[in-house]
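This report looks at side-chain contacts.

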Amino acid sequence: MSILAPPSTETRSHDTGRDRRRTIAAGWAVVAIAVTASAAYIDFAPTTLFDGLDSMAGLIERMLPPRLDDPGRIGVLALETLLMAVLGTVLAAVASIPLAFLAARNTTPHPVLYRGSRTVITFCRAMPDLLFAVLFVRALGIGVLPGILALALHSIGMLGKLFADAIEQTDAGPREAVRSTGVGYVREMINAVLPQVVPAWTANFVYRIDINLRTSVVLGFVGAGGIGFALQDALRGLVYPRALGIVCVILVIIAAMEVVAILVRRALLTPSVNGPGRERLSRIVFSVTVAGATLFALVALRIDPRDLFTWIGPSLEVFTRLVPPDFTAVGWDLADAVVQTLAIGAVATAVGAVFSLPFGILAASNVSPHPTVYAAARAVVLVVRAIPELILAVIFVAAIGLGPVAGACALAIGSVGFLGKLVADAVEEIDLGPLDAVRAVGGGWWKTLFAAVIPQVIPSVVGSTLYLLDVNIRTSTVLGVVGAGGVGFLLFEAVRTLNFEFAGAIVVIVFVVVYVIERMSGWIRSKVV
């Protein structure tokens, strides 16, 4: 009789590593097949992006030199765009705070409230902000209020989730200490939880203003206020030099806002050598500034504070017309548009990831081979991030024609700015020990890169790329409004023709698609990262 010895720890570890490598290889094979099939579906050839760049360069040549025919009006619209972003983010933050306490597992009073709050947050995040803007314009008319409400409602999807996640990560000790004094639920949250989450909430709030500024630029395309209306007017009239002048103004505003955001984050979130007093003063100054900017926005945009509540009735009248959704009209055209949306997102993410990795590495201060290279790469990432994808889609449509290829090219370019920054940040946060070790044995820049840098950032890059896919699929749902393919054209055409039941069916389909993609990408990130 023979007794088989159990496999050693080393053998089990080897088998586990081999299984993991097989799983990763299978995953890459699935990704390659999906991207190839997506590219074939929308007729996106490997050289399409470069051909699009040539056509876009020709269009930009026709735009030169840029000009501003009415600087005063453009300045007013630019200020309007900035104030819309600030006010929309403030409203979203105010609504997200109570929602986050209900949506956090460790602070929600009841499981039903937890699931309901999470559903609201997911819905706000899954629905495109431009769709919210279209519906609010239909309910309230053309103006800045629909744009502000659209920004606020969509921002709840991000801020509510991040705020709730921050609450779930708090230490339970302070809560138990406060609870032992016999105070109620509200006092417990204010005294024990709120002080722990304020830094994370502040960082999320500042970052969301940056995002909303980019978003508010394009809301004018559907009549929701801001400088986007002037840009669309110039593009429709084929007055390309004026359009480029407006784009330059947009770039300056967004770049300036990014610098301000960096300074604010450093002032509020970096530990001060002068102690808690300096940090407390910085937060007070920030709070007073936000409050002052909010009041100024209400006055400058001529918004009656009562309008922030009275919009609910007219808007519900329009939103409820989407129900019940009419799926009887769902045919091949809609199925084709949905598949186009998925294909655009997949192709754009793949192309963007390929170009983002080198740009992100060169834009990392601890790895870039020369300060000039670092500055140039950072400038490229900043400029690309500053141009909203919808504007890039307009340019590509004008350059290479209508269809999903223009949308894929636009999102691919935009992805370089989005993912390039995330890659650069990830590289700057790696452990420098392996780099020093490779250099100590005579390894050059390339050897250091492949032996010590890339292995450390791969998990972060994979996670960021999956998040980018999620974002790109959401964005591709609205590119159809400018003729860049996807389901957006059918959706906005249904709203324009008052076919709300069919629009409701499209909204349900878009929500399901985006939700499934979000859940899948989250599951993959949990397994890989």
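Which side chain meets D210 in a salt bridge? The side chain of R214 does, at 2.5 Å, N to O.

## Basis

This is a predicted model: local features need pLDDT of at least 70, side-chain atom pairs count only at pLDDT 80 or more, and totals for chains, interfaces and linings use all residues. Residues are numbered from 1 along each chain as its sequence is written, and side-chain values use heavy atoms, with hydrogens and water left out.

## Salt bridges

A salt bridge here is a side-chain nitrogen of Lys or Arg within 4 Å of a carboxyl oxygen of Asp or Glu. By this rule the count is 7.

D210 and R214 sit 4 residues apart in helix α8, so about one helical turn separates them. Helices are DSSP runs (H or I, at least four residues), numbered from the N terminus. Both D210 and R214 are buried. Buried means under 20% relative accessible area, exposed means over 50%, and partly exposed lies in between (1.4 Å probe, protein chains only).

E168 and R118 also meet in a salt bridge, at 3.5 Å, N to O. E168 belongs to helix α6 (residues 144–168) and R118 to helix α4 (residues 111–126), so the pair ties together parts 50 residues apart in sequence. E168 is partly exposed, at 27% relative accessibility. R118 is buried, at 17%.

D304 pairs with R306, and their closest N and O atoms are 2.7 Å apart. D304 is partly exposed, with a relative accessible area of 27%. R306 is exposed, at 59%. Salt bridges with shared partners also join R105, R118, K161, D165 and E168 into one network.

## Aromatic pairs

Rings of Phe, Tyr and Trp (its six-membered ring) pair if their centres lie within 6.5 Å; planes under 30 degrees apart count as stacked, over 60 as edge-to-face and the rest as tilted. The count comes to 8 aromatic pairs.

The ring centres of F101 and W201 are 6.0 Å apart and the planes stand at 75°, so this pair is edge-to-face. F101 lies in helix α3 (residues 71–103) and W201 in helix α8 (residues 185–219), 100 residues apart. F101 and W201 are both buried.

F136 and F319 have ring centres 5.4 Å apart and planes at 55°, so they are tilted. This pair links helix α5 (residues 129–140), which holds F136, with helix α13 (residues 312–319), which holds F319; the two residues are 183 apart. F136 is buried, with a relative accessible area of 1%. One aromatic cluster is formed by F123, F132, F136, W311 and F319.
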